[in-house]
Amino acid sequence: MLETELKTKDKEIKIYPYNKLKDNFIISEEVKYLTIDIGLSQEAVPISKWLTTNGKKDRGVIAVEPLPYNIECLLQGKGKNRGSGQVSLNENLIIGNNQPGFDIKNKFILIEAAIDNVKTPTEKTFYVATPDTGNCSLIAENITGPSNPNNIEKEIQVTAIPLSYIFDKIDKSRFPFIENLKIDTEGNDINVIKSCNPEDLKRVVFLSIECALACPQGRYRDTATPIINYLKPLGFEVIDNSPSDYKFINTNLKDLIKEHNLTCMDGDHGIFKISIK
């Protein structure tokens with residue numbers, strides 16, 4: 001797998017597969033609609049299920065994952081839950097999920113970085129969880145808190161970039177709106193949202209964020225309320241919150257859903273079914 005190292009403010013950000021990146025991401029001309037996926041873990045199961053359930057060839061993905069081990073799994077298709085749906089970038093395929101192989105050549109861009117509320121690419125400490133590397137986080141207490149049975153295996157240094165950096169590299173004339181923005185960063189989700197220009201967030205039709213309200217036993221801190229309060233003035237309303245995967249719809253872009261046959265990503269079933277009046 002070839003890669004490019006994008007040098008920004010003396011920070012090198014690896015992007016797979018190889019792109020001669022100048023002003024915008026280079027994506028297959030077949031792609032008509034884009035989704036941004038922040039936090040894939042080893043397999044990228046939610047985006048894999050959504051793409052294969054959709055079955056459409058005109059969808060593209062810009063994905064972000066900071067952990068080098070998970071990057072290797074995504075490149076080689078060797079995640080532990082491969083049968084549920086697995087990105088294999090070296091093969092340009094999604095495998096598993098009852099699929100013989102779903103072609104993602106030139107339709108899936110993977111960026112090796114973290115997303116955080118920073119102005120420019122910044123070195124950050126990233127906490128690697130064990131036994132479940134899917135629970136790694138920029139926030140240490142999110143791994144060792146009462147709601148999470150993992151331990152911190154080690155600390156590594158990663159490059160964090162703002163979400164606005166990704167939007168800036170998307171050709172707005174070709175992709176005036178973003179079909180889905182999925183965020184799963186183990187407690188850092190509000191910082192991911194705040195790292196994006198609000199005008200760019202307003203271009204997102206569906207938003208899926210891992211967050212939850214505080215529970216009476218105190219096992220979970222309230223990560224949902226700050227997100228809901230931040231997104232409401234931008235036109236987003238909650239359409240689902242079960243169990244801790246909140247889904248939002250941009251009420252200002254509802255007309256696009258029927259016009260373009262857009263679908264909301266769901267990690268368990270591929271597509272979250274909604275009724276648009």
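Visitor: How many bridges pair E9 with strand E11, and in which sense, parallel or antiparallel?

Guide: In this predicted model, E9 and strand E11, which covers residues 151–161, are paired over two bridges in the parallel sense. To find the place, look for Ile 115, whose bridge partner in E11 is Ile 161. These strands belong to an open sheet of three strands with mixed pairing, and its order is E9-E11-E10. Strand E9 (114–115) and strand E10 (122–130) stand at the edges with a single partner strand each, so one side of each is left without a neighbour in the sheet.

Visitor: Which strands pair with E4, and in what sense do they run?

Guide: Strand E3, residues 33–38, runs parallel to E4 and is joined to it by six bridges, and Tyr 33 stands opposite Arg 59 in E4.

Visitor: Is Thr 35 buried or exposed, and what is it in contact with?

Guide: Thr 35, which is found in strand E3, has a relative accessible area of 0% and is therefore buried, since buried means under 20%. Leaving aside neighbours within four places in sequence, the residues in contact with Thr 35 include Ile 47, Trp 50, Gly 60, Val 61, Ile 62 and Met 265. A polar atom of the Thr 35 side chain also lies 3.5 Å from the backbone nitrogen of Asn 180.

Visitor: Which side chain makes a polar contact with the side chain of Ser 208?

Guide: The side chain of Asp 245 does so, at 2.9 Å. Ser 208 is found in strand E13, residues 204–210, and at 6% relative accessibility this serine counts as buried. Beyond residues up to four places away in sequence, Ser 208 touches Leu 181, Lys 182, Ile 183, Asp 245, Tyr 246 and Lys 247.

Visitor: Where is Ala 224 found, and what does it touch?

Guide: Ala 224 is found in helix H7, residues 224–231, and is buried, with a relative accessible area of 0%. Not counting residues up to four places away in sequence, Ala 224 touches Cys 211, Ala 212, Leu 213 and Tyr 246. Sequence and space can be read side by side here, as Ala 224 and Glu 210 are 14 residues apart in sequence and 8.4 Å apart in space, C-alpha to C-alpha.

Visitor: Which residues of helix H2 are buried, and what follows H2?

Guide: In helix H2, residues 68–76, the buried residues are Asn 70, Ile 71, Cys 73, Leu 74 and Leu 75. The helix is followed by Gly 77, whose phi is positive, near 70°.

Visitor: Which residues have the most contacts inside the largest nonpolar core?

Guide: In soluble globular proteins, nonpolar side chains tend to be buried together. Here the largest nonpolar core has 40 residues, and those with the most contacts inside it are Ile 111, Leu 163, Ile 166 and Leu 231. Helix H4 (residues 163–168) gives the most to this core, with four residues. Apart from this core lies another, of 19 residues, among them Ala 44, Ile 71, Ile 94 and Phe 102.

Visitor: How many helices and strands has the protein chain, and what percentage of its residues count as buried?

Guide: The protein chain has eight helices and 17 strands, and 56% of its 277 residues count as buried. Among contacts with a separation of 6 or more, 68% are between residues 24 or more positions apart.

Technical notes: Residues numbered from 1 in each chain as written. Predicted model: local features only at pLDDT ≥ 70, side-chain atom pairs only at ≥ 80, totals over all residues. Heavy atoms only, no water. Core = buried A, V, L, I, M, F, W, Y, C linked by side-chain atoms within 4.5 Å. Buried < 20%, exposed > 50% of the residue type's maximum accessible area, 1.4 Å probe, protein only. Contact = heavy atoms within 4.5 Å. Pairing = 2+ DSSP bridges. Polar contact = N/O pair within 3.5 Å; in protein donor to acceptor, adjacent residues only side chain to side chain.
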